[in-house]
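Biologist: I'm new to this one, so could you walk me through it slowly?
Modeller: Gladly; here it is, and we can go through it topic by topic.
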Amino acid sequence: MTSVVIGVISVFVLAFPASVFAQGGRLAISSTQRTVTVGEIFNVELRIDSGEQAINVAEVEMSFSSREVQVTEISKRGSLVAVWIEDPTYDNTRGILRLSGGLPAPGFFGSEGLLVTVSFRARVTGTTSLR
């Protein structure tokens, strides 16, 4: 889980590993720790670690508090995904981000494989989580 701490006039973005998924693979939600002001945009990378087996399909559904942050953009630039089964989408009303994609054999084997970069805008003072 990644936490975003929004102070009286700032946001602290902390990086923590996220949930386990995809038969032994692991999704990591990462961002550099920094302070941003309310209304400022910050980036969070969704990265994959294949574990001991190559992965050729990734499906992600992430939730966030739409009251505290909103998605402004999802960038596929630099993504290891070759074919998007479902283009990355988001719903700022419901606080949900979804994506589904893959790549041909032999798939991805390794750590730190970039899926997408998500740009968020801090909306209020407080703390939020990305799950």
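This is a predicted model: local features need pLDDT of at least 70, side-chain atom pairs count only at pLDDT 80 or more; totals for chains, interfaces and linings use all residues.
Modeller: Before we start, strands here are DSSP runs of E with at least two residues, numbered from the N terminus.

Biologist: How many helices and strands does the protein chain have?
Modeller: The protein chain has 12 strands and zero helices, and from the N terminus on its elements run β-β-β-β-β-β-β-β-β-β-β-β.

Biologist: And what share of its residues count as buried?
Modeller: Of the 131 residues in the protein chain, 46% count as buried. The accessible surface comes to about 6,800 Å², and 51% of that surface belongs to carbon and sulfur atoms. Among contacts with a separation of 6 or more, 67% are between residues 24 or more positions apart.

Biologist: Back to Asp 87, then: what is it in contact with?
Modeller: If we leave aside the neighbours within four places in sequence, Asp 87 is in contact with Lys 76 and Arg 98. With Lys 76 there is also a polar contact of 3.0 Å between the two side chains.

Biologist: Why does Asp 87 count as partly exposed?
Modeller: Asp 87 counts as partly exposed because its relative accessibility is 43%, and that class lies between the 20% limit for buried and the 50% limit for exposed. As for its surroundings, the C-alpha atoms of Asp 87 and Gly 101 are separated by 7.7 Å, although these residues are 14 residues apart along the chain.

Biologist: Let's switch to the aromatics. How many aromatic pairs are there?
Modeller: The count comes to two aromatic pairs. Phe 42 and Phe 120 make a stacked pair, with 5.8 Å centre to centre and 25° between the planes. That pair links distant parts of the chain, since Phe 42 sits in strand β6 (residues 41-49) and Phe 120 in strand β11, 78 residues apart.

Biologist: How far is Glu 40 from Phe 120?
Modeller: From C-alpha to C-alpha, Glu 40 and Phe 120 are 8.3 Å apart in space, and they are 80 residues apart in sequence. Glu 40 is found in the loop between β5 (35-36) and β6, and with a relative accessible area of 28% it is partly exposed.

Biologist: Which residues of the largest nonpolar core touch the most other members?
Modeller: That core has 28 residues, and Leu 46, Met 62, Leu 97, Leu 115, Val 118 and Phe 120 are the ones that touch the most other members. At least two residues of this core come from each of β4 (25-30), β6, β7, β8, β10 and β11, and β11 gives the most, with five residues.

Biologist: Last topic, the backbone. Which peptide bond is cis, with omega near 15°?
Modeller: The cis peptide bond runs from Ala 105 to Pro 106, and Pro 106 is found in the loop between β10 (96-102) and β11 (113-122). Glu 112 lies in the loop between β10 and β11 as well, and it has a positive phi of about 65° although it is not a glycine. At 53% relative accessibility, Glu 112 counts as exposed.

Definitions and conventions
Residues are numbered from 1 along each chain as its sequence is written. Side-chain values use heavy atoms; hydrogens and water are left out. Buried means under 20% relative accessible area, exposed over 50%, partly exposed in between (1.4 Å probe, protein chains only). Contact means heavy atoms within 4.5 Å. A polar contact is a pair of N or O atoms within 3.5 Å; within protein, one must be able to donate a hydrogen and the other to accept it, and residues adjacent in sequence count only if both atoms are side-chain atoms. Helices (H or I, at least four residues) and strands (E, at least two) are DSSP runs, numbered from the N terminus. Accessible areas come from the Shrake-Rupley method with a 1.4 Å probe; for residues, only the protein chains shown count as cover. Rings of Phe, Tyr and Trp (its six-membered ring) pair if their centres lie within 6.5 Å; planes under 30 degrees apart count as stacked, over 60 as edge-to-face and the rest as tilted. A nonpolar core is a set of buried Ala, Val, Leu, Ile, Met, Phe, Trp, Tyr and Cys residues joined through side-chain atoms within 4.5 Å.
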